[in-house]
Each structure stands twice: as C-alpha cells, then as structure tokens.
Amino acid sequence: MKLFDVYSLFDVTPVKGLGTRIWDDKGTEYLDLYGGHAVISVGHCHPRYVSAVTEQLGKLGFYSNSVRNPLQEELAEKVGELSGYQDYSLFLCNSGAEANENALKLASFHTGERRVLAFKGAFHGRTSGAVAVTDNPKIRSPYNSWHEVTFVNMNDIDSVREELSKGDIAAVIIEGIQGVGGIIIPDDGFMKELREATREAGTVLILDEVQSGYGRTGKFFAHQWAGIEPDIITMAKGMAGGFPIGGVLISPEFEPVKGMLGTTFGGNHLAMAAAIAVADIIKDEDLVSNAFEVGEYLKKRIEILRSAQNDKKSQNDKKSQNEIKEVRGRGLMIGVEFNGPVAEIRKKLLFEKHIFTGVSGKNMIRLLAPLVLTKDDVDIFIKALEEVL
Ligand SMILES: Cc1ncc(COP(=O)(O)O)c(C=O)c1O
C-alpha cells in the first residue's frame, strides 16, 4: 500500500533528536528552529520526558474515559498553575483541530446560535468546523462549506461590532498570533475591545492558542500580552513533546452536561504522562522566560542583519529578493519576511547549513524553535543565514 500523497516533503529522514538538535539516517546533525511545527517545546528526547513516558508505558498505556484517571486531574492542576487559569476547567482531546471543534460546539450549545465570526488569514485546522473558520477556500470542500461563518479584517473592531449587533453570533474565534497567516499579532488594544464587545453581546470569545500557546511567546498564552481573559482557550502543539494531544480551557460560566463532549483517546494515560512531564520541565527550567529572552535576542540579531543589508545597498539599487523586509513576533514565534520567495534560502539553510526552518506563505521564514533554544544556537543560525544571503 502507498501513502496518500498529500505532503510536500524535504528529502531528509530524521532518526534521532536531543534538545535543539536532530540527526538524520546518514548521521548528519541539524539545528531545529522549526520544532516539528511548534510541537517540540521542551526539546527533543528530554531525559525526564523519556523516562516519564517509558515508565507509564510499563504501567498502563490506555484506558477509556469511563473510569477515573487521576493523571488528568494532575495535568489540569499543573496547566492551571502555569497559565493562571486555575478557575477554568480542562477538556482533553487529541489535536488542535479537535480542540477548536469542541470549543465551537461548546459555544454553540451555550448561546444557542450557529454563526461564527473569524478573521481574514486565520488557520484553525482541517476538520469540518475548524476548516470552515479557516480563511483558505482551497482546503475547504463543499461538505465543509455549509457552516455559517463570517470573516472580518484583523484589528477592525467596527466590523466586529457591526456583526455582533445582528445578535446571532455563537462565537468569535481568533488566534493568539496568526501563525500560518504570517505571524500577524493582533493589536493589544483591539484584543481588549474584542473582549469588551463579545461580553456586551453575550457571545463567546475563543482564543486559539494551538500554535501561540504553551509558553511559546514568552507568556503562557499569547493573549495574556493584552491582559484579557477569553471564555474558551484551545491548545495542542507544545503540550506533550509530540505525543498527540489537545486541550480546551473552559471558563466557569459553562455548565458541563454528561455526554455533551467526549473522545475515546483524549486524556489517555500515556498522553497524560507525556503532558505532565512537559509541564514540569517548562516550570522547573523556566522555559517561558527563556522563550522570551532568546526570542528577543534572535529578533535583535535579525534586525541588525536587516540594517546591514540596507546600509550596503545604495539608494538607487533595486530591491533584491534576498532582502529582509521585516522581522516580527513574540518570544520564539518569529517571522522573517523577505522581499521575495524564501524557498531557495530555506533549501540552502537545510541542505548546506543543516538548519530546519518553517515557512508562512511564499516570502516568510517562520521560526518555531524549541523553547530550550540558547543564544549560542541563535549565533549559529545568524552566521548561517548571513552566509546564505
Ligand atoms: C492556530 C492553529 N490552530 C489549529 C491548528 C490545527 O492543529 P492540528 O494540526 O493539531 O489539528 C493549527 C495547526 O497548525 C494551528 O496553527
């Protein structure tokens, strides 16, 4: 049987990882500034993570949600402490899309409404509701298109208020920082107004922190930079070191009803052991602060590179494709936007300099490094990028 061929692949086969490093099947070492798409928060194969998962596997890998599982309560306690949302409750599932799917469903149950307000450039996943609130018609089939969704411009509070005034909105869903959309940070002032407007309208504010959460931006959740508290928060990628997982934080306003949400695999023993280990490591190694500090350093170094490019060219020079246009982001969620396509730059970084990076659109290199990244790692990257450019 062949694999269903839906992914564009780089010709690299990683077989081993440690911290910020990966090795391929030929023994070549790579620096990982992509974290397997923001998943590897505590670094590859952290010894505490490996022993926690191994130990749990030897005890009990799985049992269903029909019996008590104290590991779920332990994780909820730890996430509450790390995030500051102790009074919210936690629903556990298996992926980012599933977390958003459950968040949208809960909001619709709560308000009795079905229309959802989402933002231009948004990405929320590929399952039916999640892809319907994703602003990309190419990945939305006719089957996914019957959902009632309205897209408005980011930071456009007037349009949001106008839609809310129609009185039929179940939820507004927004990413803490748009990742796939190109590291678009909503204005803090807009987020405050959005919180106020959704509260006034009696609708549910859902913060999708699947990519921007779990310490990545230098706060536990990216929306905490704006000082707001949403009604529902979704998370997934950085939670369990690559073990499939998702989570929904739900404010005390919501009443759980037996059977209203559910999943077979969500919250299983192995996933919990993995997630508890990650939460402990994030706390003990102060990785949220590290993400901020090293992220700031990385942005500063790229900014210096950008200025040097600018200084070099005379005023009449045409724009070169390899010119850095802008660097933006928070913590270790960083976009480096160029004046042209970045495909060649990324290929050279990977195959000549042995550095993994991500991408947004055609012109942006997206950096989603493990939160254990060091300033020395940054120096290696900057030197490599300079040489490639
Ligand atoms: C903001 C955001 N939401 C949701 C998802 C979907 O997560 P998953 O691929 O785990 O379903 C992603 C994945 O990239 C994402 O970036």
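This is a predicted model: local features need pLDDT of at least 70, side-chain atom pairs count only at pLDDT 80 or more; totals for chains, interfaces and linings use all residues.
## Two domains

The chain is divided into domain 1, which is made of residues 14-46 together with 286-388, and domain 2, which covers residues 47-284. Taken over C-alpha atoms, the centres of domain 1 and domain 2 are separated by 27 Å. Where the domains touch, the contact takes 27 residues from domain 1 and 28 residues from domain 2.

On the side of domain 1 that touches domain 2, the elements giving two or more residues are the helices α1 (35-38) and α9 (287-312) and the strands β11 (324-330), β12 (333-338) and β15 (364-367). Of these, α9 gives the most, with five residues. Sorted by class, the residues on this side of domain 1 comprise 14 nonpolar, ten polar and three charged.

## The sheet of four strands

Strands β11 and β12 also belong to an open sheet of four strands, whose order is β11-β12-β15-β14 and whose pairing is antiparallel. At its edges stand β11 and β14 (358-360), each of which pairs on one side only. On average, and with direction ignored, neighbouring strands of this sheet are turned by 25 degrees against each other.

The pairing of β14 with β15 can be followed in detail, for these antiparallel strands are joined over three bridges, and the bridge partner of V359 in β15 is I365. Helix α9 lies across β11 and β12, and runs at about 170 degrees to β11.

## The sheet of seven strands

A second open sheet has seven strands in the order β4-β10-β9-β8-β7-β5-β6, and here the pairing is mixed. Because β4 (89-93) and β6 (149-152) stand at the edges with a single partner strand each, one side of each is left without a neighbour in the sheet. From one strand to the next, the twist averages 20 degrees. As a general point, the strands of a sheet pair through backbone hydrogen bonds, and they may do so either parallel or antiparallel.

Within this sheet, strand β8 (residues 204-208) and strand β9 (residues 232-235) run parallel and are joined by three bridges. The bridge partner of D208 in β9 is T234. Helix α6 (residues 157-164) lies across β5 (115-119), β6 and β7 (169-175), and runs at about 155 degrees to β6.

## Around the ligand

The ligand is surrounded by 14 residues, and the closest of them are G96, A97, G125, V210 and Q211. Helix α4 (residues 96-111) supplies the largest share of this shell, namely three residues. When the residues of the shell are grouped by class, five are nonpolar, seven are polar and two are charged.

## A residue in a loop

Residue N69 is found in the loop between α2 (47-59) and α3 (70-83). With 19 other C-beta atoms within 10 Å, N69 counts as partly exposed, because a residue is called buried if 20 or more such atoms lie within that distance, and exposed if 12 or fewer do.

Which residues is N69 in contact with, leaving aside its neighbours within four places in sequence? The contacts of N69 are with G267, H269 and M272. One of these, M272, is 203 residues apart from N69 along the chain, although the C-alpha atoms of the two are separated by 9.3 Å.

Notes. Residues are numbered from 1 along each chain as its sequence is written. Two residues are in contact if their C-beta atoms, placed from the backbone, lie within 7 Å. Two strands pair if DSSP finds at least two bridges between them. Axes are lines fitted to C-alpha atoms, for helices over the stretch in contact, and angles run from 0 to 180 degrees between N-to-C directions. A residue is near a molecule or strand if its C-beta atom, placed from the backbone, lies within 6 Å of it. Ala, Val, Leu, Ile, Met, Phe, Trp, Tyr, Cys and Pro count as nonpolar, Asp, Glu, Lys and Arg as charged, and the others, Gly among them, as polar. Domain bounds come from an automatic or database domain assignment.
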